[in-house]
Each structure stands twice: as structure tokens, then as C-alpha cells.
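Visitor: I would like to understand the words used for this model. Could you take me through them one at a time?

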Amino acid sequence: MSGTAHLGRGAAIASITTALFLVALKLWAVWQSNSMAMLGSLADSALDLVASLATFAGVIIAARPADRTHRFGHGKAESLAAIFQVMLIALSAAGIAMQSARVLIAGRSVAAAEEGIAVSVVAIVATFALLAYQRYVIARTRSVAIQADHVHYQSDLLLNLAVIVALVLETYAGLTGADPIFGLAIAAWLLWGAWRAGAEAIDHLMDREWSEEKRARFVAVAARHPELSKLHDLRTRTSGGIDFVQFHVDLPGDYTVSRAHDILERVEQDLLAEFPDAEVLIHVDPSGHVDEPSNRLVEEDQFSRFGERPVPQDRNGPDTSGPAT
């Protein structure tokens, strides 16, 4: 296993350990305080544990190299794990909302706010420590799975602060019903997080194209090579932490195979310098060739679309690519 894979696995294990600690702590706090806001926070930490386990599995499986049955790698394992997490989050949020509504109607009060507040403070400190370690790992591995986990734990800081506010308002400010109302708000927050995570996972599973900004940056790098007269049929997708790109370029029809190959090698090297996690596949067409005139998306010149145009060069210049083949 590579050094980056070890770091990713270590970050996932740290996330699992933190989630286990917080689940045990908040379970005790719910038993002591009878707080709906704390119950929502407990559910979120339990989901953190499931998410961290799924992240761990996703990191391990996605790191596997391509094989005979998965020639594009195993990156979509992360998206499948995310869909599983989303289903659990939605079910948990629905349960918290129902329980909070019952408590709000019944008018039940919080039993022991001090324990809940103390547990929330400890949870905030533990989450800060985990976030610091995750930032260290992300800076060295650029792991998409760890980045997603990092964002999720950032939201935990807000949830724990919300629990403290709810308990203070309910117990010390005398605002009856504040605790279950915050429980409902936390349930809504969980559903919103599930929606966002699910949308991104579905984008990966459905091979959604890159954003226009990212596509434009990619085309701008290719435009540094004046030999290319047209770039079309650009198709992009992301699977786990790997980007897959394929496109056609036009080169003069009288270029030798060797010369065309050397040009595309230089193009690919420049692209990979800017997009190191990409796998690039380039197809050559002779200048003026049209594959499918009826398919506008295929034949649309990306240089023209994004306002990039390679500077023409003297075709009669020296050919350093080697002998003709």
C-alpha cells in the first residue's frame, strides 16, 4: 500500500474512533438529560460512525488498481457508500422529527442540562482535533472521500453548538419547547446534508460532465499547443478520486504517425501536470474530417466554445519526431 493510501486509511480509522467515542458519550447524555436536541446530536454521531465505516471501506476499495473485470478502477465504490449513508441519514432524520414533535406536543421538559452541555463541549473539542488531522491528510493525499468526511464533521460543530443553545434556552432562559424545536431543526439539517451528499454521489454514478469552469481550464491547457487546429467530442466524468477524459483533435493529414504521436504525448504531459488525477484518452482526426454532422455535441469545437485558440505555427519547420512509419 502506498504512503498516501496509508494516510487515507489512518484518517478513516481516526474518524471511526472519534465517532465511537462521541456515540458512547452522547448516549449517556441523552439518558441523563432526556433532551431531544441531544438525541438529534446522538443520531448524527451514530451516522458519523456509519459514514466513517463506509468511508473506510470506500477508501480501501477505491484504492484498488484496475483489473480485468474493472478496467476503469473501483472509484465508484465511494459513491455507492455515499448512497448507503444517505438512506440511513434520511431514516434517522425522520425518526428524530417524529420524536421531537411528540415531545413538543406533550410538553416534556429537559431533565439535566448540565450533563448535556458538558458532553457537547467535549464533542466540540474532539471534533476540532479530528478536523485538524483530516486537513493534514487531505493536503498530502487529496482524497475525495476524506474531504467529504471532513465537510461532514465540520457540520457537527454547528450541531453541538445548537445543542448547547437549546439546553441553555430551555433550562436557564425558561423557553419551554426550545429543545424539541431544535431537535426538529437538526432533523431538517440532516435531511439537507443527505440531499447534498446524495446529489453528488448520483452525479458520479451517472457520469455527469465536469463543471464548465473545469472544462474551460482543461481546454486552455490543450490550447497551448499550436499544432492542434480543433478539439472536439470532449467527454469528461469522475469516478472516486479519478477523472476520466477523452477527446478528438485535428492534425494535418500528411503528418507521420510518429510525429502525431509525439505531439499528443506533449499535450498529454501538459494536461496531466495540471490535472494529475486524470486519465486521458486522445483520438486523432485528419484536419477537416467530420464524424457525425448531425451530432452538434460531438463536432462542436471546444477551442471556439471557450474562446481558446492555439497560435498557428510554421508547418514547414523542422520535424524532430523521428522517421516516418
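Guide: Gladly. Two strands pair if DSSP finds at least two bridges between them. Strands themselves are DSSP runs of E with at least two residues, helices are runs of H or I with at least four, and both are numbered from the N terminus. This is a predicted model, in which local features need pLDDT of at least 70 and side-chain atom pairs count only at pLDDT 80 or more, while totals for chains, interfaces and linings use all residues. Residues are numbered from 1 along each chain as its sequence is written, and side-chain values use heavy atoms, with hydrogens and water left out.

Visitor: What makes E1 and E2 a pair?

Guide: Eight bridges join E1 to strand E2 (residues 242–251), and the definition asks for at least two. The two strands run antiparallel, with Thr236 opposite Val245 in E2.

Visitor: Why are E1 and E3 said to stand at the edges?

Guide: The open sheet has three strands in the order E1-E2-E3, with mixed pairing. Strand E1 (230–239) and strand E3 (278–286) each have a single partner strand, so one side of each has no neighbour in the sheet. From one strand to the next, the twist averages 10°.

Visitor: Which helices lie across these strands?

Guide: Helix H7 (residues 212–222) lies across E1 and E2, at about 130° to E1. Helix H8 (residues 257–274) lies across E2 and E3, at about 150° to E3. Axes here are lines fitted to C-alpha atoms, for helices over the stretch in contact (heavy atoms within 4.5 Å). The angles run from 0 to 180 degrees between N-to-C directions.

Visitor: Why is Asp233 called buried?

Guide: Buried means under 20% relative accessible area, exposed means over 50%, and partly exposed is in between (1.4 Å probe, protein chains only). Asp233 has 10%, so Asp233 counts as buried. Asp233 belongs to strand E1, and its phi is near 50°, a positive value in a residue other than glycine.

Visitor: Why does Asp207 count as partly exposed?

Guide: Asp207 has 31% relative accessibility, so it counts as partly exposed. Asp207 sits in the loop between helix H6 (178–205) and H7, and its phi is near 55°, a positive value in a residue other than glycine.

Visitor: How do you know that the buried residues of H7 are on the same side?

Guide: In H7, the buried residues are Arg215, Phe218, Val219, Val221 and Ala222. They cover an arc of only 155° around the axis, so they lie on the same side of H7. The arc is that of the directions from the helix axis to the C-beta atoms. Their cover includes E1, E2, H8 and helix H10 (302–305).
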